[in-house]
Amino acid sequence: MNYKLNFELVPDGCWYSNLRSILKPADWDKLRRYVYNRAGGKCEICGEKTSRLDAHEKWSYDKKNKVQKLESIIAVCKKCHSVIHIGRTQLMGNEDAAIEHFMKVNNCSYADYVKALGEANKKHRELNEVDEWSLDISYLKTL
């Protein structure tokens, strides 16, 4: 099912392939502020107005060519970000609030949550079959 808010389980080999660790701090700061301003103080997933947004990188993974590609950067609230990165949220012990938020935003049941998480975990296992990914951040040229 296509949900408004989804899990994005990053392959283990890509855990530290993010713009915050790649860019100079000043460049990352400029980029995330641009994303926040573009969003107008609202989460780009659930629409919640908040003064605390996170810049979330959306990646695609081409298993055949072993490429992790940056597709976009969006502004998200803390609650949506905790769902997107559910694995980290589970490790931190905050899964219950994330489950509630996933069901609220997607207007779905707990069974739907469990099914979607199972599908995300299956995809994660498949992506982990690639031992090394190359990085494509050409999206940044479009900004």
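Mentor: Start with K66, which is found in the loop between β1 and β2; helices (H or I, at least four residues) and strands (E, at least two) are DSSP runs numbered from the N terminus. This is a predicted model, in which local features need pLDDT of at least 70, side-chain atom pairs count only at pLDDT 80 or more, and totals for chains, interfaces and linings use all residues. Residues are numbered from 1 along each chain as its sequence is written, and side-chain values use heavy atoms, with hydrogens and water left out.

K66 is not a glycine, yet has a positive phi of about 60°. K66 is partly exposed, at a relative accessible area of 39%; buried means under 20%, exposed over 50% and partly exposed in between, with a 1.4 Å probe and protein chains only.

N107 sits in the loop between α5 and α6 and is exposed, with a relative accessible area of 72%.

Buried in α5 are A98, I99, H101, F102, V105 and N106. Down the helix axis these buried residues fall within an arc of 165°, so they line one face of α5, where the arc is taken over the directions from the axis to the C-beta atoms. The face turned away from them carries the exposed D96, A97, E100 and K104. On the buried side, the packing is against β2 (67–77), α3, α4 and α6, contact meaning heavy atoms within 4.5 Å.

A pocket is an open set of points on a 1 Å grid over the protein atoms alone, where a 1.4 Å probe fits, with protein on both sides within 12 Å along at least five of seven lines; lining residues have an atom within 4 Å of a point. The volume of the largest pocket is about 1700 Å³. It is lined by 49 residues, and E8, V10, H56, H81 and H85 are the closest to its centre. Elements that each supply at least two lining residues include α3 (78–84), α4 (86–91) and α6 (110–127).

Notes. Grid points are joined across faces, edges and corners, and a volume is the space filled by probe spheres set on the points.
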